Amino acid sequence: MLDRLRSGFGYAKSDLPIVVMTGDDNPANQAALLRAGANDLVHKPVDERLLVTKLRFQLQVSRHQRARALAFE
């Protein structure tokens, strides 16, 4: 699903930040999620403060990358 969003619909990580909530502790599966297009992961049960921090960070990175891209146009 993540790779479909990234490649099929053309959403780059800066266009559509995706934070995946997972209960899977397997590092290989977590790495696969990141390779498939996730920007970051949050483990279940979800710590709300950590989730908000990660979401805010991803939005700031996204804004910065878009602003930087516009400056080079």
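## Surface and overall build

Accessible areas here come from the Shrake-Rupley method with a 1.4 Å probe, and for residues only the protein chains shown count as cover. By that method the protein chain exposes about 5,500 Å², with carbon and sulfur atoms supplying 57% of it. Keep in mind that this is a predicted model: local features need pLDDT of at least 70, side-chain atom pairs count only at pLDDT 80 or more, and totals for chains, interfaces and linings use all residues. Residues are numbered from 1 along each chain as its sequence is written, and side-chain values use heavy atoms, leaving out hydrogens and water.

So what do you meet as you read along the chain? The pattern is α-β-α-β-α, made of three helices and two strands. Helices (H or I, at least four residues) and strands (E, at least two) are DSSP runs, numbered from the N terminus. The C-alpha atoms fill a box of roughly 40 × 30 × 15 Å along the principal axes. Of the 73 residues, 23% count as buried, where buried means under 20% relative accessible area, exposed over 50%, and partly exposed in between (1.4 Å probe, protein chains only).

## Around helix α2

Let's zoom in on Q30, which sits in helix α2 (residues 27-36). Q30 counts as buried because its relative accessible area is 16%. Its side chain reaches the backbone oxygen of D24 at 2.9 Å. That is a polar contact: a pair of N or O atoms within 3.5 Å, where, within protein, one must be able to donate a hydrogen and the other to accept it, and residues adjacent in sequence count only if both atoms are side-chain atoms. Beyond its neighbours within four places in sequence, Q30 is in contact (heavy atoms within 4.5 Å) with D24, D25, L41 and H43.

Now for the two ends of the helix. At the start of α2, a side-chain oxygen of N26 comes to within 2.7 Å of the backbone nitrogen of A28. Just after α2, G37 takes a positive phi of about 130°.

## The nonpolar core

Which residues form the largest nonpolar core? It has five: L2, I18, V20, A38 and L41. A nonpolar core is a set of buried Ala, Val, Leu, Ile, Met, Phe, Trp, Tyr and Cys residues joined through side-chain atoms within 4.5 Å. Not counting residues up to four places away in sequence, A38 touches L2, K13, I18, V20 and L33.

## A cis bond in a loop

P45 lies in the loop between β2 (40-43) and α3 (48-71). The peptide bond from K44 to P45 is cis, with omega near -5°.
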